[in-house]
Amino acid sequence: MLRLRSKIVALSFLFFLALSSASVRAEETVRLFVGGAFTHDHDVTDKFNGIGNFVLKNPDFDNSVSFGGSVAHWFGGLPYLGLGLDVSHFRPNISKQSGVECDVGVCANETLESRQFRVTGITFNFLGRLPLIVSNPYPQGRIQPYVSVGPTAFISHVKMAGGHFVPDLPQLRNQEDTDVSLGVAAGAGVSFMITPHIDVFSEYRFTHFSPEYHINSGGERGKVTTDLNTHHVLVGQNMMERNPLYGYTAEGKDNVILRGCRDCTINGLHLHHVIESEAGLLIDNCERINLTGCTILDCDNAGVLVRG
């Protein structure tokens with residue numbers, strides 16, 4: 001548990017270090033999502049030292065609502081790549097049902113008591129996207145197919161309503177425990193920009209982890225294990241911002257203005273595609289300005305304008 005928490009802290013540090021060192025031509029997104037979670041049937045095993053295993057054979061896990069939110073940072077220098085932090089929650093419960101249970105090698109058709117699972121996943125995502133239908137208001141594309149994959153810390157809790165059918169063996173009524181396990185999440189989706197600031201998206205996501213819950217029943221210590229493999233179908237909305245606001249608002253013109261300045265040197269300035277401005281570089285009412293080694297290209301109007 002401590003090692004896993006240390007790994008989570010280390011991943012968090014690296015994530016925010018990457019954000020802090022990113023190019024200024026960056027894009028940040030914040031999104032909320034909701035959808036369905038569909039968990040595969042899988043054996044659930046209760047293991048007791050010195051007694052044996054109690055196995056629920058492929059019980060049906062309930063479908064549940066999956067919801068959460070995320071933040072993402074897309075790099076300016078590599079606009080097709082990004083990093084994200086995602087938090088999601090779902091509840092793949094096992095409802096009371098008829099099924100097969102094998103207790104210390106003795107199998108029988110029985111009524112399986114319910115087990116309630118609550119799962120929260122914290123994912124450090126590596127992101128990739130493909131800009132389609134690119135235009136000045138939508139420099140990264142109005143339609144953006146994307147993929148994501150990353151390690152996930154799953155914090156899960158189980159509460160068991162009943163025990164086993166073999167008399168005088170450990171029972172599990174009202175047993176509960178919390179586990180933190182490292183797993184993986186991977187997804188693919190497509191987003192559509194409604195405005196330069198807001199989009200809607202749909203996404204398929206797969207998550208996998210193997211929790212291990214510790215129990216103590218009748219003086220016997222044991223653990224509960226299973227694999228939780230879950231398909232998520234999600235829809236949601238992004239709110240995004242670029243830093244700075246390049247190319248899609250009245251603020252984002254890319255021009256540079258020097259006004260009322262004295263004794264300045266500008267060297268190696270590169271300006272490209274300045275829009276809705278008198279000039280790419282405006283020097284207004286200034287004195288003793290040294291301008292060397294600069295490149296100014298494809299501006300709507302003048303490249304350099306000096307006045308005053």
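Reader: How many salt bridges does the structure hold?

Author: The count rests on side-chain nitrogens of Lys or Arg within 4 Å of a carboxyl oxygen of Asp or Glu. In this predicted model, the number of salt bridges is 13.

Reader: Is E27, the salt-bridge partner of R129, buried or exposed?

Author: The side chains of R129 and E27 meet at 2.7 Å, N to O. This pair links distant parts of the chain, with R129 in strand 8 (residues 115-129) and E27 in strand 1 (residues 26-39), 102 residues apart. R129 has a relative accessible area of 8% and is buried. The relative accessible area of E27 is 3%, and because the cut-off for this class is under 20%, E27 is buried.

Reader: Which strand holds D284, the residue that pairs with R259?

Author: R259 and D284 form a salt bridge through their side chains, at 3.0 Å from N to O. The two residues lie 25 residues apart, in distant parts of the chain. R259 belongs to strand 15 (residues 256-259), whereas D284 belongs to strand 18 (residues 279-284).

Reader: What is the relative accessibility of R307, which also meets D284 in a salt bridge?

Author: The side chains of R307 and D284 meet at 3.6 Å, N to O. R307 lies in strand 21 (residues 302-307), 23 residues from D284 in strand 18. D284 is buried, with a relative accessible area of 13%. R307, by contrast, counts as partly exposed, its relative accessibility being 33%.

Methods:
Residues are numbered from 1 along each chain as its sequence is written. This is a predicted model: local features need pLDDT of at least 70, side-chain atom pairs count only at pLDDT 80 or more; totals for chains, interfaces and linings use all residues. Side-chain values use heavy atoms; hydrogens and water are left out. Helices (H or I, at least four residues) and strands (E, at least two) are DSSP runs, numbered from the N terminus. Buried means under 20% relative accessible area, exposed over 50%, partly exposed in between (1.4 Å probe, protein chains only).
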